[in-house]
Amino acid sequence: MRIGRRDLLAGAAAGVGAPARAGSNRKPDDVAWARGFDNQRKPDLGDGRFLNPLLAGDHPDPAILKDGADYYMTFSSFDSYPGLTIWHSRDLVNWRPRGSALTRNIGSVWAVSLEKHGGRYFLYVPVKASPNTIYVLWADHIDGPWSDPIDLGLHAHIDPCHAVGEDGSRWLFLSGGDRVRLAADGLSVAGPVEHVYDPGRYPADWDVESFSPEGPKIVRRGGWFYMITAVGGTAGPPTGHMVIVARARSIHGPWENDPGNPVVRTRNESERWWCRGHASLVEAPDGSWWSVYHGYENGFWTLGRQALLDPVRWTADGWFRMIGGDLSTPIAKPYGGSAVPHGQPLSDQFEVLELGRKWNFFRPGPDEAQRVRVRGGVLELAGRGTAPHDSAPLLLTAGDQAYQFECTIEIDEGTTAGLLLFYDDRLYCGLGFDAARFVTHQYGAERGRPSHGYGRRLRMRVVNRRHIVSFWTSDDAGRSWQRFDRGMEVSGYHHNVRGGFLMLRPGLYCAGAGRARFRDFRFKAFAAGGEG
């Protein structure tokens, strides 16, 4: 049966054609995800419905832009470069990466603002560095070229949101209820930071991480400006992160808090999605309204904050409500638009180098792009450092609960290379080898053992079966496999243990004085019950 959006709205109160509410007796696995490239899960079920996550894996702090019939979205990219990958959709449900806007390492990139004003695209980019600051980049086309980052000199503020007032003035709204005026061209500030809003509080007995009002998003509709703010901390307890709303007739206030706040919150730890927050509103092709935000998947903190899509209902008194419940069951898609192919293959035959679109370096140096080249079906990576922690590994974003990846690796003398599951430079696991030994990586530490004559060419495989990790080797191009006698359990490789707001990502590394050549990279996700 095809369920339409109007059916969903009409039946929301009774649960007819609507997502289950918190406390529903429907189990999260009653409906399976659709499967796309490399058997990766995707939201569009093909019957007029979708199932969250909108974008699986770490896609935090979504910044979305409606540009005519097109939608563009980007996310916090932190220490990954090239960063700020731009995603494109025409129906809000199916998304495809286009390219990255930021190529030079300027620090750890947090929640950005993606805007279009006067025919030009802008990215306002907060960076955790020394000192913290906010940059602006601009382009005349969404695919670039993007300008060099321009430092706005805002050293004590994060999470900017560009907004245009009823009088045409341009502003950046900032975390904590602050704002600063921008010059007419949007490329510099034109006044001091001022405090304009005090976010509403929640009950003192709620389990949260911290108050932390952050990530303001401004949208204008029906004579009102709406300010949407995240409070309660980004991680911590599953019930912490939430969304509150205020509104004003003028960009200059005064701001009135919604008496129905919070409009989004995980209410108990049995829900599928935890720590839901950092929301933006966007109008769909059919004129309906939706919210894009992020959350952690129950039991899978390791996948980071995943992008979620929730239908919005406007109330008679001009507020709005999210009506997706705990997002554990399918939701009717918005009408209109056209579907682009969702996601991308993670398998790679290395015919072209897809830096920024697929692969990213972790904390690269200024010359990192010169370390890597692709030719003849081979990715060649020059060594750096002594181990994964200082080698700036190449990483992917994989959003499934279970998967495997494998690759043939050939190394020069004096080189160590291998496959990783990488959170950050202090928390990773994997298997590497040099000409004489295997190197195991556990909890960010290295141990060596003899390799029993494998030499300098080897095919390796990593299997992550819902946090149970095994390593496999083959000396006959993958015709037969030997299980390595060291396994791991990695459910603790996440922010609440290590900090950093990142995810556990598959990757390649090369350390030492020589080069490694990677061939025939294959990725495969497993559906529920699937095995490696």
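Mentor: Buried means under 20% relative accessible area, exposed over 50%, and partly exposed in between, with a 1.4 Å probe and protein chains only. This is a predicted model, in which local features need pLDDT of at least 70, side-chain atom pairs count only at pLDDT 80 or more, and totals for chains, interfaces and linings use all residues. Residues are numbered from 1 along each chain as its sequence is written, and side-chain values use heavy atoms, with hydrogens and water left out.

Trainee: Why is Arg449 called partly exposed?

Mentor: Arg449 has 25% relative accessibility; the class lies between under 20% for buried and over 50% for exposed, so Arg449 counts as partly exposed.

Trainee: What makes the pair of Arg449 and Asp485 a salt bridge?

Mentor: A salt bridge is a side-chain nitrogen of Lys or Arg within 4 Å of a carboxyl oxygen of Asp or Glu. The N to O value for Arg449 and Asp485 is 2.4 Å, so the pair meets the definition. Asp485, at 58% relative accessibility, counts as exposed.

Trainee: Why does the pair of Arg363 and Asp79 count as a salt bridge?

Mentor: The N to O value is 3.5 Å, which is within 4 Å, so the pair qualifies. Asp79 is buried at 14%, whereas Arg363 is partly exposed at 36%. The structure holds 35 salt bridges.

Trainee: What makes a set of residues a nonpolar core?

Mentor: The members are buried Ala, Val, Leu, Ile, Met, Phe, Trp, Tyr and Cys residues joined through side-chain atoms within 4.5 Å. Of the 53 residues in the largest nonpolar core, Ile409, Phe518 and Phe521 touch the most other members. Strand β33 (residues 415-424) gives the most to this core, with 6 residues.

Trainee: Which residues does Ile409 contact beyond its neighbours within four places in sequence?

Mentor: Contact means heavy atoms within 4.5 Å. The partners of Ile409 include Leu419, Phe433, Leu458, Met460 and Phe518.

Definitions and conventions:
Helix = DSSP H or I, 4+ residues; strand = E, 2+ residues; numbered from the N terminus.
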